[in-house]
Amino acid sequence: MTPDEAVALIQAEERGRQSRKRIVQLTKIKAMQETELERQRAGIKSHTKDSACGVMQCITRGFNARLQTERTVLDELTLIHMNNFIPPDPKDPQIRLQSNLERRKKIQEANKLEETNSMMDMKQKIIEIEGQEMREIMQERINVWLNENRDPDTNFYPPYPRPAAGGSKDIIDPPPELWRPEDEKKKKKGEDSGRKKKKKPGKMPIRMPLPDEEDADLPPMCPNYFGRHIQHSIESYLKTWHDKDDFDNHEQTFIPEILKNTLRPLVFEEVRLNVDVASKELILQLKKKLARDKKEAIKVALKQAKKEGREKEFKAQLKAEKQQAKKDRIAKAKAKKEAVAKEPPPPEDPTKKKKPKRKKDKTEKFSVESLFTELVKEGILQVCPKRTFDEYICEEWLQGVEQDPIKAWGLDNSMAQAKRLTIEYAVLPLASEIVNQNAPFVRSLLLHGAPKTGKTLLAHAACQAAGATFLNLSASVIDGKYPGAKNINRMLQISFKIAKIMAPSMIYIEDVDQVFVTDKKKMKAYGLKDKPNRIKKGLTQELKAINPGERVIFVGTTSKPQNLQGKKGPTKATANFCKFFTKRIYTPYPDHGALLQLWRGLLERHGAVLDHHFNVSILATLSANYSIGDIEEICKLVLTTQRIRKVKRVKLEVEEVMDHLYKFNPIDPALLLIAKNFGKDPQPMAEDPNDKKKKQLPEDKNKKTKNKK
């Protein structure tokens with residue numbers, strides 16, 4: 001392209017741009033003229049300069065007045081410490097505290113890295129300085145033990161303890177002698193040997209002491225299994241840090257003395273293992289030497305017997321000694337067995353429950369891989385969706401006054417309580433084997449509440465947090481599969497078997513109320529091929545076979561508990577349903593405080609950029625009795641891909657959200673009451689003060705008559 005052509009092209013483009021701009025201006029002028037003509041035809045006078053100035057003044061004054069009212073409202077809120085729209089102050093102590101915490105975390109990580117790097121050098125120094133002394137002390141104690149337990153007849157050394165039994169640990173550091181009542185009984189027998197013994201009518205069976213009856217007024221106590229761990233932690237703290245003066249160590253770097261004390265037991269154990277290997281080798285050499293010495297002594301004695309002419313007698317004597325040694329060994333083993341057999345069996349603890357008898361495993365012939373692939377193909381064993389407890393936005397609700405039981409009956413638990421209880425009952429027992437074995441055993445858990453209140457989210461988050469295997473036995477998953485009672489029982493047996501093998505595991509059923517419904521009309525309304533209650537019998541049997549320590553939990557969710565109730569209220573199916581679950585957690589609707597957090601959190605999660613002027617309290621007030629799911633759907637409708645692109649240029653307004661808020665309806669109050677009060681005990685009745693007076697009247701009369709007498 002030549003320069004002249006380029007100039008001509010640029011001129012054409014510029015003229016086109018100017019003409020387009022002129023057309024836009026002309027269209028605006030034409031539209032203004034048309035509106036002016038319409039106003040004249042309608043008999044409306046056009047604005048003069050004075051009237052136009054008056055209108056503009058009204059608009060500006062109204063705008064200024066609205067700004068002034070907003071400022072006064074914010075001033076009142078700040079006065080009573082309820083203003084949530086103030087921008088964060090950089091001098092705020094909470095912000096400074098957060099920055100200090102982050103800085104301290106970085107220093108702690110650097111100190112930890114320095115400690116791990118210096119551990120190997122410190123360990124090598126301890127081995128060089130103290131290792132030889134440790135080795136000598138251990139060898140001396142082992143030698144003393146060998147000489148004390150040496151057989152006086154054969155001069156043979158005792159067998160060295162096996163590594164599985166601890167090796168020389170008990171030799172070097174012997175455990176304290178335990179007091180036993182049998183020792184005192186033996187002493188008393190020796191003292192009362194001269195006295196005549198009375199005939200006893202018969203030995204009474206040994207009874208374990210029954211546990212003390214728990215007071216109903218006191219709160220339930222956790223088993224005292226973890227007490228010794230707490231006591232051990234307290235003792236280690238007192239031993240290490242109680243008298244330690246650490247005021248100069250502001251950076252909290254590691255202390256070499258404490259690091260030495262922690263590494264010394266590890267070095268001691270390594271040295272002990274080396275000494276065990278050397279001692280075993282030494283004993284083996286000594287045994288070989290004693291055997292050689294004995295053979296040589298027998299040869300010398302045999303030569304002497306040949307010279308004296310009594311060779312046959314000497315050989316017969318050797319043979320008799322071998323036979324006698326063999327008989328002695330057999331007699332010792334027999335006496336040991338008889339002593340063990342005579343000992344009474346340990347008494348049974350009446351508090352412990354007997355484990356249920358397990359049925360024969362019909363899937364023994366099949367490999368675990370084949371059963372696993374079968375469950376995956378049928379869609380029962382699934383990959384748990386990646387959900388976290390952070391998605392369930394809530395905050396703890398604290399109350400400083402003791403609740404009245406009559407008033408508290410109608411109160412809901414908060415969302416934070418539902419989240420905390422799910423972690424306590426589902427995550428901790430699955431993640432920790434010690435907790436599963438010793439804490440109160442939770443075999444099954446029910447999450448119930450109104451629709452879209454986060455029940456499925458809590459179940460998936462618990463499974464993800466515990467790293468558990470996820471098996472879905474919902475009616476919609478197994479519908480049309482495994483026809484017949486035998487096949488469905490086999491499927492349940494395989495599912496629970498795989499769950500125990502691949503522990504920790506969670507067995508999940510959505511809409512678990514369908515399993516317990518017996519009404520045929522309601523079952524037809526579900527629109528399923530098979531009856532959902534066909535797994536009820538096999539499920540209860542397999543659930544009873546779960547024992548503490550297996551780390552398997554059954555979790556069910558339901559949003560329609562009214563399906564289990566009849567026309568007059570709770571029925572037998574309702575009672576069986578409640579008894580089936582060890583624990584029940586109600587997932588409530590968010591209150592005002594939770595709604596404030598939910599709106600802000602969900603809008604920011606879906607791409608909104610909110611400043612301190614965005615009034616969330618209006619949305620929280622208007623969305624009372626709206627579920628978490630409804631609020632999330634509103635956020636998705638508001639924040640489309642096109643709106644997210646404009647978020648930085650055009651701020652999100654409350655009115656945009658309110659336009660979509662009216663498309664959803666809050667929950668029906670009757671259904672909310674059913675979901676809230678499902679499985680609760682009857683409401684406690686308030687005591688009538690007149691009844692108390694009536695009871696006190698006869699007592700007062702008796703007191704008066706006594707005083708008169």
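These are legends for a set of close-up views of a predicted model.

**View 1. The whole chain, before zooming in.** Start with the chain of 709 residues, of which 26% count as buried. The fold has 26 helices and 8 strands. Take the contacts between residues at least 6 apart in sequence: 80% of them join residues at least 24 apart.

**View 2. T558 and what surrounds it.** T558 sits in strand β5, which covers residues 552-558. Its relative accessible area is 0%, so T558 counts as buried. Setting aside neighbours within four places in sequence, T558 is in contact with L446, L447, H448, G449, K455, D511, V512, D513 and F577. L446 is 112 residues away along the chain, yet the C-alpha atoms of T558 and L446 are separated by 7.8 Å. Look also for the side chain of T558 reaching the backbone nitrogen of K560, at 3.4 Å.

**View 3. Two nonpolar cores.** The largest nonpolar core has 55 residues, and W599, L603 and F614 are the ones that touch the most other members. Zoom in on W599: leaving out neighbours within four places in sequence, W599 is in contact with V616, L619, A620, S623, I631, I634, C635, V657 and L661. There is also a second, separate core of 35 residues, with L471, L539, F554 and C578 among its members. As a general point, nonpolar side chains in soluble globular proteins tend to be buried together.

View 4. Y237 belongs to helix α6, which spans residues 227-240.

View 5. E269 is partly exposed at 28% relative accessible area, while R272 is buried at 5%.

**View 6. E374 and R490, a salt bridge across the sequence.** The side chains of E374 and R490 meet in a salt bridge, at 3.1 Å from N to O. This pair links distant parts of the chain: E374 comes from helix α9 (residues 368-377) and R490 from helix α15 (residues 485-501), 116 residues apart. E374 has 19% relative accessibility, and buried means under 20%, so E374 counts as buried. R490, at 27% relative accessible area, is partly exposed.

**View 7. R387 and E391.** Another salt bridge has the side chains of R387 and E391 meeting at 2.8 Å, N to O. R387 is partly exposed, with a relative accessible area of 28%. E391 is partly exposed as well, with a relative accessible area of 23%. In general, side chains of opposite charge can pair when their charged atoms come close.

Note on methods:
Residues numbered from 1 in each chain as written. Predicted model: local features only at pLDDT ≥ 70, side-chain atom pairs only at ≥ 80, totals over all residues. Heavy atoms only, no water. Helix = DSSP H or I, 4+ residues; strand = E, 2+ residues; numbered from the N terminus. Buried < 20%, exposed > 50% of the residue type's maximum accessible area, 1.4 Å probe, protein only. Contact = heavy atoms within 4.5 Å. Polar contact = N/O pair within 3.5 Å; in protein donor to acceptor, adjacent residues only side chain to side chain. Core = buried A, V, L, I, M, F, W, Y, C linked by side-chain atoms within 4.5 Å. Salt bridge = Lys/Arg side-chain N within 4 Å of Asp/Glu carboxyl O.
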